[in-house]
Amino acid sequence: MTDVDGGIANLKPLEQAREQKAWYWYDWANSAYTTTIGTVFFGPYFINLAENAVGGEDGRFEVAGLSLPPDSLFFWLITVSTILSALVLPPLGAYADRVANKKRLLATLAWTGSFFAALIFFATGDNWQLAAVGIVLGNLFFGAAGVVNDSILPLISDEDDRDRVSSRGWAFGYLGGGLLLVLNLAVYLGRDALGLDEELAARLCMLSAAVWWAGFTFIPYLRLNDHPPVAVEHVEGNAIRRSFGQLAATLRDMRQYPMALTFLVAYLFFNDGIQTVIASASVYGSEELGHGQTILIATILMVQFVAFGGALLFGRLAGRVGAKRTILMGLAIWCVIVTAGLFLPAGNVALFLIMGVAIGIVLGGTQALARSYFSLLIPRGKEAEYFSFYHAMDRGTSWFGTATFGIVLAITDSYRPALFALIAFFVIGGLVLTRVDTERGIREAGNDVPAVI
């Protein structure tokens, strides 16, 4: 960035705006992986590969003395990838804070992740192992690139502008992911007219998400600036040893930032609730409410595009009443959503779509503001480290909500109380969030206090 003193010009705002526009494109790029691969196509495709390997859905995998049905293998893979991420991301964050060329690190991680995601295209027949490698390592590098991407946010925005920038990036991501999903669903549903069988259509759709992720990552790679590291710990040795030394120093110093730690606890609860609602919504819609695949696909698409507007709306609200109050408002709406799920009548498409609209409004907004709010509570020079804890703790505890959902479902044999049970995550998360003293946390981190908090 360039500053010219003496009343002539200050080009910093213009340079920040240019970088922010470049940064938005990474959310556009990586959301395709989440929507097309993670949400829609990979799960059913992988389960089909696993069933082929054991002779059908009644077959079993014998693993460590356990007899596992083929569909359960998918959930074990997701568990492995979350645990792996929780172990790898913190030292990666410490390394990223010592790197000036974060855009190159971001792109390298993203391109590596897209390479592994592309491997899924070549997994055919009963080759579930190749698909497993693709999704586990794709998820790992997706999370790693996310740490670096989030750590760039405080470097390209001032404290007063951060909620707006984060919300726009998140909104841009929903728009990009939704657009590619529309195109892929058109290919998949119109596969007969295109001369494609069902398997090849699904594989091409997933390959397109990998290519989309890699291709649009070139924009932030080419347009972001280098940002020299600041306030890093002096540790002797090579890059890996210095990274672990930095991580050890940060773990010792985290007690100095109690508000950041308190927010992390709140985030773990309410984000786990959000992720579980999203993961279980399609199953709830089909198994409990009896909606067909067409209605479910239409709802997924609608949520993507409503979330675009929801993220922008929450960003504007935060500019008026502060991020913390806006997040709490969002959590109250999440409580209403899971309560409505307890009473939603089966077969009523209109009410199910209204519920989808409500989810879309708060989905992007709460997550975008959580990112920008947390960035205010962490010290300069350690952005990637703290965001690595943000991502790693999220992934490492993401099974709490699904476990709660599964236990209640097993006890009641109904998806309604299972969905409603998730209200505890929003209530607890909200109550813990009320304990965060925003101004104190910002000052403890050495950041400037925004005009609206």
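Is Ser375 buried or exposed? In this predicted model, Ser375 is buried, because its relative accessible area is 1% and the cut-off for buried is under 20%. Ser375 has its place in helix α13, which spans residues 349-376. Apart from neighbours within four places in sequence, the residues in contact with Ser375 are Leu153, Pro154, Arg162, Phe387 and Asn447.

Ala298 belongs to helix α11. This residue counts as partly exposed, because its relative accessibility is 39%.

**Helix pairs**

| Helix pair | Axis separation | Angle |
|---|---|---|
| α1 and α2 | 8 Å | about 125° |
| α2 and α4 | within 8 Å | roughly 35° |
| α11 and α13 | within 6 Å | roughly 40° |

Helix α1 covers residues 12-53 and helix α2 covers residues 70-96; they pack at an angle of about 125° with axes 8 Å apart. That angle makes α1 oblique to α2. The crossing of α1 past α2 is right-handed. On the α1 side the contact involves Phe42, Gly43, Phe46, Ile47, Ala50 and Glu51, and on the α2 side Pro70, Asp71, Leu73, Phe74 and Leu77. Sorted by class, this contact of α1 with α2 holds eight nonpolar residues, one polar residue and two charged residues.

The axes of α2 and α4 come within 8 Å and cross at roughly 35°. Here too, α2 passes α4 in a right-handed crossing. Helix α2 contributes Leu73, Leu77, Ile78, Val80, Ser81, Leu84, Ser85, Val88, Leu89, Leu92, Gly93 and Ala96, while α4 contributes Trp128, Ala132, Ile135, Val136, Asn139, Leu140, Gly143, Ala144, Val147 and Val148. The classes in the contact of α2 with α4 are 17 nonpolar, five polar and no charged residues.

For α11 and α13, the axes come within 6 Å and cross at roughly 40°. At this angle α11 is oblique to α13. Their crossing is right-handed. The contact of α11 with α13 has 18 nonpolar and eight polar residues, with no charged residues.

In soluble globular proteins, nonpolar side chains tend to be buried together. The largest nonpolar core of this model has 63 residues, and those touching the most other members are Trp23, Ile37, Phe41, Phe42, Phe46 and Ile135. Two or more residues come from each of α1, α2, α3 (102-119), α4 (128-156), α5 (162-189), α7 (198-216), α11 (293-321) and α14 (383-396). Helix α1 gives the most to this core, with 15 residues.

Which residues does Ile135 touch, not counting residues up to four places away in sequence? They are Tyr33, Ile37, Phe42, Leu77 and Ile120. Another core, of 55 residues, lies apart from the largest one, and its members include Leu331, Phe352, Ala370 and Phe389.

Notes:
Residues are numbered from 1 along each chain as its sequence is written. This is a predicted model: local features need pLDDT of at least 70, side-chain atom pairs count only at pLDDT 80 or more; totals for chains, interfaces and linings use all residues. Side-chain values use heavy atoms; hydrogens and water are left out. Axes are lines fitted to C-alpha atoms, for helices over the stretch in contact, and angles run from 0 to 180 degrees between N-to-C directions. Helices (H or I, at least four residues) and strands (E, at least two) are DSSP runs, numbered from the N terminus. Angles under 35 degrees count as roughly parallel, over 145 as roughly antiparallel, 65 to 115 as roughly perpendicular and the rest as oblique. A crossing is left-handed if the near helix is turned anticlockwise from the far one by less than a right angle, and right-handed if clockwise. Contact means heavy atoms within 4.5 Å. Ala, Val, Leu, Ile, Met, Phe, Trp, Tyr, Cys and Pro count as nonpolar, Asp, Glu, Lys and Arg as charged, and the others, Gly among them, as polar. A nonpolar core is a set of buried Ala, Val, Leu, Ile, Met, Phe, Trp, Tyr and Cys residues joined through side-chain atoms within 4.5 Å. Buried means under 20% relative accessible area, exposed over 50%, partly exposed in between (1.4 Å probe, protein chains only).
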